[in-house]
Amino acid sequence: MKVLGINGSMRKDGNTAIMIRTVFEELQKEGISTEPIQLPDVSIKPCRITQGKDCLACMGKENCVFEDDDFYDIFEKIKESDGLILGSSVYGADITAEMKIFLDRMGLESIGNPEALRHKPGAAVCAVRRAGGMNTVNTMNNVMLFREMFVVGSTYWNMVYSKDVGDVLKDEEGMANMRNIGQNMAWFLKQLRK
């Protein structure tokens, strides 16, 4: 079994990455492999589904018809994965622009390829300084729910409070929640395999 983690923060190894790694540690304890994808390391262009002669070109295809960025390869990994962790820091009371582009591409591509996400467990996590955490988690959850994924919850909202890199480690309740998400996802994945 394998779970992908998409870090939508532009701080490559910042608080969001720390949170995703914490979830991953719990999955790894249960023998589940993990792979992080950090959006600062890749190039993903906005969706072109409504543009000119290429309008709706992806519909009914196994992947995006545009292979001039990194989305094609990432979507192949998503199709092969057993679960997904989506993480974003909070920018302007919601997800980062880069995560929005990624979610648009993933959501629209999976319309034409519904089995890519259907019945996979997923969890959304966010690093928040003060406000906007619920919006951020809800935006990522909505895409998963829209694509028939099972959203994995925890004992509280899936966010950790922080400002500077490493501050998430000071939020003991938030980090305990991240560990619980990993434990819940591991349990869920094993139930799906029975």
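This is a short walk through some side-chain contacts in the structure above.

Okay, ground rules. This is a predicted model, so local features need pLDDT of at least 70 and side-chain atom pairs count only at pLDDT 80 or more, while totals for chains, interfaces and linings use all residues. Residues are numbered from 1 along each chain as its sequence is written, and side-chain values use heavy atoms, with hydrogens and water left out.

Let's start with the charges. A salt bridge here is a side-chain nitrogen of Lys or Arg within 4 Å of a carboxyl oxygen of Asp or Glu, and the count by that rule is 14. I'll take a few of them.

K2 and E35 meet with their side chains, N to O, at 2.8 Å. K2 belongs to strand β1, residues 2-7, and E35 to strand β2, residues 33-38, so this bridge ties together parts that are 33 residues apart in sequence. When I say strand, I mean a DSSP run of E with at least two residues; helices are runs of H or I with at least four, and the numbering goes from the N terminus. How exposed is K2? At 31% relative accessibility, K2 is partly exposed, while E35, with a relative accessible area of 16%, is buried. The cut-offs for those words: buried is under 20% relative accessible area, exposed is over 50%, and partly exposed is in between, using a 1.4 Å probe and protein chains only.

Next, D69 and R105, another salt bridge, where the closest N and O atoms are 2.8 Å apart.

Then K100 with D104, with closest N and O atoms 2.9 Å apart. These two are four residues apart in helix α3, and that separates K100 and D104 by about one helical turn. K100 is partly exposed at a relative accessible area of 43%, and D104 is partly exposed too, at 29%.

Now, a charge without a bridge. Which residue is buried yet has no salt bridge? That's D171; the nearest side chain of opposite charge is R179, 9.3 Å away. For charge, Lys and Arg count as positive, Asp and Glu as negative, and His and the chain ends are left out. D171 is in the loop between β6, 159-161, and α5, 172-193. What its side chain does have is a polar atom 2.9 Å from the backbone nitrogen of G174. A polar contact, by the way, is a pair of N or O atoms within 3.5 Å; within protein, one must be able to donate a hydrogen and the other to accept it, and residues adjacent in sequence count only if both atoms are side-chain atoms. Setting aside neighbours within four places in sequence, D171 is in contact with V160 and Y161, contact being heavy atoms within 4.5 Å.

S9 is another loop residue, between β1 and α1, 15-29. S9 is buried, at a relative accessible area of 3%. Its side chain reaches the backbone nitrogen of R11 at 3.1 Å. Again leaving out neighbours within four places, S9 has contacts that include T16, P40, G87 and Y91.

On to the rings. Phe, Tyr and Trp rings (six-membered ring for Trp) pair if their centres lie within 6.5 Å; planes under 30 degrees apart are stacked, over 60 edge-to-face, and the rest tilted. The structure holds four such aromatic pairs. F71 and F75 have ring centres 5.6 Å apart and planes at 25°, so they're stacked. They are four residues apart in helix α2, residues 71-80, about one helical turn. F71 is buried at 0% relative accessible area, and F75 is buried, also with 0%.

The rings of F150 and F188 have centres 5.4 Å apart and planes at 50°, so that pair is tilted. Here F150 is in strand β5, residues 150-151, and F188 is in helix α5, 38 residues apart. F150 is partly exposed at 33%, and F188 is partly exposed at 23%.

And which residues form one aromatic cluster? F71, F75 and F102.
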